[in-house]
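Please consult the sequence and structure shown below while reading.

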Amino acid sequence: MRVLLASAELSPLVKAGGLGDAVAGLRGALIRAGLDVETVIPDYRGWRLDKSEPQPLDVPEWAAPASAHRGRMADGSRLTLIDVPEIRRPHPYDDTEGHAFPDNDQRFMAFAAAVAALAEMDPPDILHLNDWHTGPILGFLDEPPPSILTIHNLAYQGRINGGWLDDLPHRADAYEWFGDLNPLSGAIALADRVTTVSPTFASEIVVDGNGFGLEEPLRNRGSALVGILNGLDTEVWNPANDRLLDHSFGLGQLDGKAHLRAELVDRLGWHLDGPLISMVTRITDQKGIDIALSVVPYLDGIGARFALLGSGDAALAAEARALATAHADRFTFLEGYDEQMAHLLFAGADLYLMPSRFEPCGLTQMQAMRYGTIPVTSAVGGLVDTVVDDDLSRGHGTGFLAHDVSPTGLVDALHRAVRAWRSPRRRSGIQRRGMTIDWSWDVAAREYLALYESLTQ
Ligand code: ADP
Ligand code: GLC
């Protein structure tokens, strides 16, 4: 079966968040399952794949010139890079200040037109779209192949000026959204199947007030909307063999984790007498950064210390910086995007904080569990599907859930987690259960494969 998998991100080439990881993980598992997968992404940096020459693509004049460099990655897998005007930038979406490029409408509409031209030239059995950047593709195709849209983040819809509707040759009505063009709502209406990255998120977003305005179009899809839980790249996230860490560890031999904890504490310049909490995140409203920051004044009472790594929203980052100055002995803010530090924070910490307001899936709570770090999260979306509260399910839990997504809800969950962490038997039971879960993408890939088959038989 030939799958054309379209995305704006693909780890490790280009990643702004979990989208890049998720597409890379799914692609790898589908290839392992024997599918012929052509992944297509924008050529943001003029990457050199192999010696093959780019092929020109037949796109409308406003998107020209467009070309597809259909090559192979070092491991032999197929990757196609799309070049359209102005797509080449150091960051896929934002300038150095974190502001979206003003021409993202033109850049991603041209990308979508080019992917559609590619699909027309060489039709796949399945066209698998990911997030809004790929949504308009169905409006550029006369006869689209069987298609799936995976929604990684419903909050980003890529809504643009309605004038663009005139540039969609097919089914433009489906994309019309209160006078604008909404790439995501259009693809939700048109794709043969719509998936979210966790089952709970799929059930949340059809409820009024939870679907970012798209509740109605989502409800209209009925049973064509399904949730498939993301996996983790268990080679990149492997405590037994992590190239970014100085020590390895595993179940039943946690010495390496203790060494990494000592290394982390040393790097943070702290002397540790209680639990160490970490958080690795984009700094955005979604992630409940303000809620996480509101626990800082309580850390003294809890006897814990907290290290936050992240970048994003300028106002929230300024707040974090100010708190780090005022509570330097308890809280530190590591500003930036740093994969090595992220791995150290997942491996070396005791507890992992994630008070998201909404979470389509979330990968970091899984990354924490894989490294024996106990997650303390809000009870929303994919977090409900991946974390089991050990107070509600004693002896079966893998973390702690705050049902009330608020400062008091989080402090309560944190207190409960610290109590469990202070009991060596309970702590190791929770760690062991988290570390043994099979997060591999092969599980999810089987579900996607069943969907593909249901569309092609
Ligand atoms: P989202 O996609 O909403 O940002 P996810 O939890 O799905 O959230 O995925 C985020 C990914 O990005 C994870 O692999 C996480 O480890 C990584 N990440 C997030 N922030 C940082 C950071 N500041 N430095 C390094 N890695 C980060
Ligand atoms: C999004 C979501 C996150 C999800 C990721 C990968 O960025 O915010 O919850 O894990 O996509 O699917």
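From which domains does the shell around ligand 2 draw at least three residues each? In this predicted model, that shell takes at least three residues from each of domain 1 (2-231 + 441-456) and domain 2 (255-436). Ligand 2 is surrounded by 14 residues, with His152, Asn230, Glu359, Cys361 and Gly362 the closest. Helix α1 contributes the most to this shell, namely three residues. By class, six of the shell residues are nonpolar, six polar and two charged.

For ligand 1, the shell comprises 22 residues, of which Gly18, Asp21, Arg282, Lys287 and Leu363 come nearest. Because domain 1 (2-231 + 441-456) and domain 2 (255-436) both supply residues to this shell, ligand 1 lies between them. The classes here are seven nonpolar, nine polar and six charged residues.

| Ligand | Residue and group | Distance |
|---|---|---|
| ligand 2 | Asn153, side chain | 3.3 Å |
| ligand 2 | Gln286, side chain | 3.0 Å |
| ligand 2 | Glu359, side chain | 2.5 Å |
| ligand 1 | Lys15, side chain | 3.1 Å |
| ligand 1 | Arg282, side chain | 2.6 Å |
| ligand 1 | Leu363, backbone | 2.8 Å |

Taken alone, ligand 1 exposes 570 Å², and the protein buries 94% of that area. Elements giving two or more residues to its shell are α1 (18-32), β12 (276-283), β13 (305-312), α11 (339-348) and α12 (364-370). Strand β12 provides the largest share, three residues. Ligand 2 on its own has 310 Å² of accessible area, of which the protein covers 94%.

Methods:
Residues are numbered from 1 along each chain as its sequence is written. Chains are lettered from A and ligands numbered from 1 in the order in which they are written. This is a predicted model: local features need pLDDT of at least 70, side-chain atom pairs count only at pLDDT 80 or more; totals for chains, interfaces and linings use all residues. Side-chain values use heavy atoms; hydrogens and water are left out. A residue is near a molecule or strand if one of its heavy atoms lies within 4 Å of it. A polar contact is a pair of N or O atoms within 3.5 Å; within protein, one must be able to donate a hydrogen and the other to accept it, and residues adjacent in sequence count only if both atoms are side-chain atoms. Accessible areas come from the Shrake-Rupley method with a 1.4 Å probe; for residues, only the protein chains shown count as cover. Helices (H or I, at least four residues) and strands (E, at least two) are DSSP runs, numbered from the N terminus. Ala, Val, Leu, Ile, Met, Phe, Trp, Tyr, Cys and Pro count as nonpolar, Asp, Glu, Lys and Arg as charged, and the others, Gly among them, as polar. Domain bounds come from an automatic or database domain assignment.
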